Amino acid sequence: MKNSYTCPTPVGTVTIVEQQGAIIRLYFGTADLPDTKSELTPLIKKAAAQLHEYFDGSRKNFDLPLKPSGTPFQEKVWAALATIPYGQTASYARLAAMVGNPKACRAVGGANNRNPLAIFIPCHRVIGANGQLVGYAGGLEIKKRLLEIEMAK
């Protein structure tokens, strides 16, 4: 059984989804999830509290059981994303090199776009080679805001 809870954040409403003791998804906005029970479980409550700590600048790393589900390549990219330090950015090319395939910039971008745990797994820290903000599933305005939060602390 999946559980979900929708909560407000400084970048808008997010929906956090838990299944079998792990956070499996974060949606921007309110998600209509027919196979999911709307319930504020202890784990979702902890995840929401950590999000609020992140937004107020008192949390730089999340301490949650995360279980993203994707292809082996996507999961490798998501693991690499988790190593980009708070307040720093990396280009898609650098991320491709980190996963051992320097020519896979487009594939890395696709995996980044399919990250089911945005914010918790910091795909917002990936920028274009020229330093420009490019691509973000939650929208560039949210990406900009997340980076501003991190650069301010």
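**Exercise 1: Salt bridges**

K2 has a relative accessibility of 24% and so counts as partly exposed, a class that lies between buried (under 20% relative accessible area) and exposed (over 50%), with a 1.4 Å probe and protein chains only. The model is predicted: local features need pLDDT of at least 70 and side-chain atom pairs pLDDT 80 or more, while totals for chains, interfaces and linings use all residues. Residues are numbered from 1 along each chain as its sequence is written, and side-chain values use heavy atoms, with hydrogens and water left out.

Task: State which residue forms a salt bridge with K2, and where the two residues lie.

Solution. 
1. The criterion is a side-chain nitrogen of Lys or Arg within 4 Å of a carboxyl oxygen of Asp or Glu.
2. The partner of K2 is D35, with the closest N and O atoms 3.4 Å apart.
3. This pair links distant parts of the chain, 33 residues apart: K2 is in strand β1 (residues 2–7), and D35 is in the loop between β3 (22–28) and β4 (36–38). Strands are DSSP runs (E, at least two residues), numbered from the N terminus.
4. D35, at 46% relative accessibility, is also partly exposed.

Solution. 
1. K37 is partly exposed at 42%, and E39 is partly exposed at 31%.
2. Another joins R59 and E53, whose closest N and O atoms are 2.7 Å apart. E53 is partly exposed, with a relative accessible area of 28%.

**Exercise 2: A buried glutamate**

Task: Determine which side chain makes a polar contact with the side chain of E18.

Solution. 
1. E18 lies in strand β2 (residues 14–19).
2. E18 is buried yet has no salt bridge, and the nearest side chain of opposite charge, K37, is 10 Å away. Here Lys and Arg count as positive and Asp and Glu as negative; His and the chain ends are not counted.
3. The polar contact of the E18 side chain is with the side chain of T41, at 2.3 Å. Such a contact is a pair of N or O atoms within 3.5 Å, one able to donate a hydrogen and the other to accept it; residues adjacent in sequence count only if both atoms are side-chain atoms.

Methods
Helices (H or I, at least four residues) and strands (E, at least two) are DSSP runs, numbered from the N terminus.
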